[in-house]
Structures are given as structure tokens and as C-alpha cells.
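Let's take a walk through this protein together, ring by ring and helix by helix. Have a look at the picture before reading on.

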Amino acid sequence: MNTFAEKIKNLRQQRGLNQAQVADQLNISRPSYIDVEKGEKELTFSQLKQLSGIFQISLEELIFDTAQVSANDFNLEKYKQIVLSCLQYGAAEDGKITKTKLAKLAYLADFAWFYNHLQPMSGLAYRRIQQGPVPDQYFRIIDELYEDGTIAIEHKGTAHLIKLELIENPSTDKLDSEELTLIKKIARNWRDKSTQEIVNFTHNQLPWKICRQGEIIPYELITQEEPEHVY
């Protein structure tokens, strides 16, 4: 059983719920829910949000572990600039991009940098979730950027159709010229491609295939890819 499945089972038991009760609230069959707790079936993002409500915890608490990598191992502000630069150069002609596609662009930039330099661009820990690979902090950063007016968010009914739009040009003082050049190259390469195309690409990479749901994805795995499969 993988650690994320164990976490769901433990949370259910701690709250005195049986499998049938949780399955009913998720509007799935009990056998399907049992498969979730066995680690044999993944929940959709909307189901994960429902589950966080059932367990009365935040979505972030449900998906991620509380333990974080050392502050010396990453630069959160730098990652924020990576995300904003990916939005600036990877958005469609209307200036918008889906939340999922933006996360993928940032992931490709970070891991491509490691492929070339054997060190990550941001140092954040990327986790394999349904929409992953994505750092634990991504969703909080998007909320903060929206709250401070840096980006606008357009909702289209489902989480998969949330679109982000940059309001002002971002600072890039944490990125050197070579890092920014790589971000631009990757973002522009995928700009005219759909969210599903970039999802399919990253899900066919070795880092995604090897890791289990909820696990941290080692940067080192990307070095086993052929150059044309890095980004």
C-alpha cells in the first residue's frame, strides 16, 4: 500500500467513519473506495476536494505531508518567479493559461535545468499527484498571487478549466539570464499546445512512471530520459 492510501485510511478511521460512509459521500461504490485505500485507484481532483471536506481538513493537508524540505534547499521566491515567467511566456494569445498547464511548464523548467546542470532551478520538492508533478507550495502561491493582484483567475466551472492571466510583468531578479532563456524556450515550445498534450508528455516521462501517488519525485530520475523527452 502506498503512503497516500495509508493516509486516507488512517484519516477515515480517526474520524470514526466506515468505508461505505465515505464512498457514499464521494458518490462512488464501496469497492471503488476500497481500491483507493489499497492504492489501486486514484481519486480525481474534485473528489480529493470532497474528501478533504469529509475529513474536515484543507486540501493541502490531505494531499501533502506536513514535513517540508529544509529552507536551505529551496528558494520559494525564485520558484514564484519561475511560475510567473512561465505564465508570461507560455500563455495563449489571449494572455491566459490553465492552472494545470502552468504547473507543468514550471516543472519542465526545473527538471530540465537539473538535466543540464545536475542541480534544480528552484530546489522545491515535486510530488506525484493527480495533476502533478507539482511542489506542495504551488497552490498556495497561486492563491497569494491572486490575492495580491499579480494574476487574475477565470473560472470555467471545473478545476481543470481555471485560467490564469498575468496582470503585471513579474520581477526576475532571482533568475539568471541562462535560467530565463530556458524558461522562455520551454514556455514558447508549449504555448500553442493543449493542456492535455503537456499532461500526456509529463505522464510519459520516467519520473512520473516510476513514482507512486503522493511520493516526492527525485530530480535525478530526469537524467535517465533521452534529450528529446526532457521538455
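A residue is called buried when its relative accessible area is under 20%, exposed when that value is over 50%, and partly exposed in between, using a 1.4 Å probe and protein chains only. What you're looking at is a predicted model, where local features need pLDDT of at least 70, side-chain atom pairs count only at pLDDT 80 or more, and totals for chains, interfaces and linings use all residues. Residues are numbered from 1 along each chain as its sequence is written, and side-chain values use heavy atoms, with hydrogens and water left out.

Let's start with the rings. A pair of aromatic rings is described by the distance of the centres and the angle of the planes. Here, rings of Phe, Tyr and Trp (for Trp, its six-membered ring) pair if their centres lie within 6.5 Å; planes under 30 degrees apart are stacked, over 60 edge-to-face, and the rest tilted. The structure holds nine such aromatic pairs. One of them joins Tyr79 and Tyr126, edge-to-face, with 6.4 Å from centre to centre and 80 degrees between the planes. Tyr79 belongs to helix α6 (residues 76–90) and Tyr126 to strand β2 (residues 126–127), so this pair ties together parts that are 47 residues apart in sequence. Helices (H or I, at least four residues) and strands (E, at least two) are DSSP runs, numbered from the N terminus. Tyr79 and Tyr126 are both buried.

Another edge-to-face pair is Tyr138 with Phe139: 5.5 Å centre to centre, 75 degrees between the planes. Tyr138 is buried, at a relative accessible area of 1%, and Phe139 counts as buried too, at 19%. There's also an aromatic cluster, made up of Tyr79, Tyr107, Phe111, Phe114, Tyr126 and Tyr219.

A charge sits over a ring if NZ of Lys or CZ of Arg is within 6 Å of the ring centre and within 35 degrees of the ring normal. Arg128 does this with Trp208, its charged end 3.8 Å from the ring centre. Lys193 does it with Trp190, at 5.7 Å.

Now for helix α7 (residues 99–117). Its 19 residues reach 27 Å from first C-alpha to last, close to the 27 Å expected at 1.5 Å a residue (that is, 1.5 Å times one less than the number of residues). Of those 19 residues, 16 are buried, leaving α7 mostly covered. After α7 comes Leu118, with a positive phi near 60 degrees.

Finally, find Glu228, in the segment after α11 (206–210). Is Glu228 buried or exposed? At 53% relative accessibility, Glu228 counts as exposed.
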